[in-house]
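Colleague: I'd like a close look at one helix end, and then at what surrounds it. Please keep it brisk.

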Amino acid sequence: LLKSIMEEWEIEMSEVTSDDGEEEDTDDDSEEDEEERKLNQLLTKYGVDSESELTSITIEQAKELASYNGTLDLSGLATLTEKSAEILAKHRGNLMLDGLTSISDKAMEFIVSHSDGFLSLDGLTNLSDKALQILSLHKELLYLNGLTSLSDKAASILSKHKGSLVLNGLTELSEKAIDILALNHRGYLSLDGLTSLSDKSLVALANHDGDLYLGITSLSDKAALALSNHKGELSLKGVTTLSDKAAFALAKHEGEINMDGLTSLSDKAAEALAVKGISISQDEESEEEESEEDESEKTDDSEIKINDTHVEFFLYLTMGKTDDDLSDDEISTIINFLVEKYKNQANRNIIEKIFDESFKWWLDSLKNGTVYDELNKNLNLLDEFSSNEKLVVIKNLKKISLLDKNKATKDENELIQILNKRWGI
């Protein structure tokens with residue numbers, strides 16, 4: 001089944017290219033397949049199904065893994081020697097070392113020279129000024145989601161980083177630190193953990209040079225007017241409602257805006273934002289009201305309107321079932337993933353309702369043998385996720401795969417690789 005869905009995607013791509021009269025680019029695919037074979041051979045040699053299962057590596061293994069061109073998830077490593085760091089820095093592709101809770105300055109100096117793909121160090125929760133200075137020399141996308149706070153001085157040091165920054169673990173940040181990051185940092189900046197920011201801070205961030213992802217749950221007219229002048233992509237997925245004035249202002253924003261959390265807008269505001277492709281999501285209460293107003297428009301449970309949350313649940317359930325055993329622990333973990341993701345936008349009851357809808361859809365598909373057909377048909381909704389959101393989905397899938405016996409099966413790893421290939425991760 002896992003192989004069939006990949007074949008289906010390849011057939012779909014060939015149909016598109018043939019319709020356009022364009023030749024298929026098979027060189028990249030063959031190179032990727034060769035790299036995957038290389039990695040699988042190494043994993044077989046090491047006696048594991050996934051590189052993330054490695055809890056330690058020798059110098060020789062570091063050399064072999066570094067020669068693999070593609071995403072390398074070594075989040076099972078709790079420590080990293082300076083020599084291994086020097087070798088892995090030469091790796092071409094994304095590098096994930098989320099299991100490291102500490103790293104020597106020398107090893108850090110080697111790792112930040114990694115320049116062909118993103119670097120994820122989400123396990124680091126405390127960083128010295130010297131460590132931050134070293135990290136600021138990194139020039140690609142850098143994930144530091146383990147940081148929950150950042151002093152003004154630390155913000156000043158990190159703002160010199162020349163690549164994109166993902167700091168979603170931050171739950172508080174002073175106005176001065178915001179000013180520093182907004183003024184000095186260049187590139188994608190993600191601060192999804194900050195649910196509340198002053199108008200002064202939002203006005204400052206509006207001047208940030210690069211795509212901006214914020215976790216705020218409300219937006220004043222003043223802040224909306226300032227953000228409308230922001231240059232680059234803007235994500236405000238935590239905002240649930242906007243005044244007409246704020247909506248009109250954001251409609252003039254020249255870049256892409258993501259406001260998937262909107263549940264309440266006036267007709268005028270909705271019309272203004274429609275030009276940006278933004279619509280509102282009905283909450284549970286409004287759905288009940290509509291249902292009471294017109295019983296004739298009720299739909300059967302099987303006719304739910306599929307959104308990206310349904311598809312994400314569907315994907316996680318499919319991963320949980322891949323090893324032939326969807327356990328209570330996996331179901332609970334899957335629900336918690338989405339509860340945590342939408343904690344600033346929806347309560348647990350709403351998420352559990354969506355899960356129930358997704359679960360019924362998934363069970364029906366399982367019974368009919370159409371699970372992968374449904375995924376193939378609806379994964380385009382997840383294709384719209386940001387690169388950061390896609391990476392979180394991949395990480396969640398890996399966590400699900402390790403719940404049973406703390407070891408991923410071959411089929412589970414194959415499903416992850418399919419998505420890695422589809423999303424270019």
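Modeller: Asn307 is the cap, and the backbone nitrogen belongs to Thr309. A polar contact is a pair of N or O atoms within 3.5 Å; within protein, one must be able to donate a hydrogen and the other to accept it, and residues adjacent in sequence count only if both atoms are side-chain atoms.

First, the ground rules. This is a predicted model, where local features need pLDDT of at least 70, side-chain atom pairs count only at pLDDT 80 or more, and totals for chains, interfaces and linings use all residues. Residues are numbered from 1 along each chain as its sequence is written, and side-chain values use heavy atoms, with hydrogens and water left out.

Now the helix. α14 covers residues 308–322. Helices (H or I, at least four residues) and strands (E, at least two) are DSSP runs, numbered from the N terminus. The expected span is 1.5 Å times one less than the number of residues. For the 15 residues of α14 that gives 21 Å, and the end C-alpha atoms are 21 Å apart, so the two agree. Of its 15 residues, 14 are buried. Buried means under 20% relative accessible area, exposed over 50%, and partly exposed in between (1.4 Å probe, protein chains only).

Next, Ser401. Ser401 belongs to helix α19, residues 387–401. Ser401 is buried, at 2% relative accessible area. Its side chain reaches the backbone oxygen of Lys398 at 2.6 Å. Not counting residues up to four places away in sequence, Ser401 touches Met319, Lys407, Ala408 and Glu412. Contact means heavy atoms within 4.5 Å.

Then the cores. A nonpolar core is a set of buried Ala, Val, Leu, Ile, Met, Phe, Trp, Tyr and Cys residues joined through side-chain atoms within 4.5 Å. The largest has 82 residues, and Leu97, Met108 and Leu121 are among those with the most contacts inside it. Apart from it lies another core, of 44 residues, including Leu315 and Ile354.

Last, confidence. pLDDT is the predictor's confidence in each residue, from 0 to 100. The chain's mean is 84, and 85% of its residues reach 70 or more. Residues 8–24 fall below 50. So do residues 282–302, a stretch with nine contacts in the model beyond near neighbours in sequence. Where pLDDT is low, the predicted coordinates should not be read in detail.
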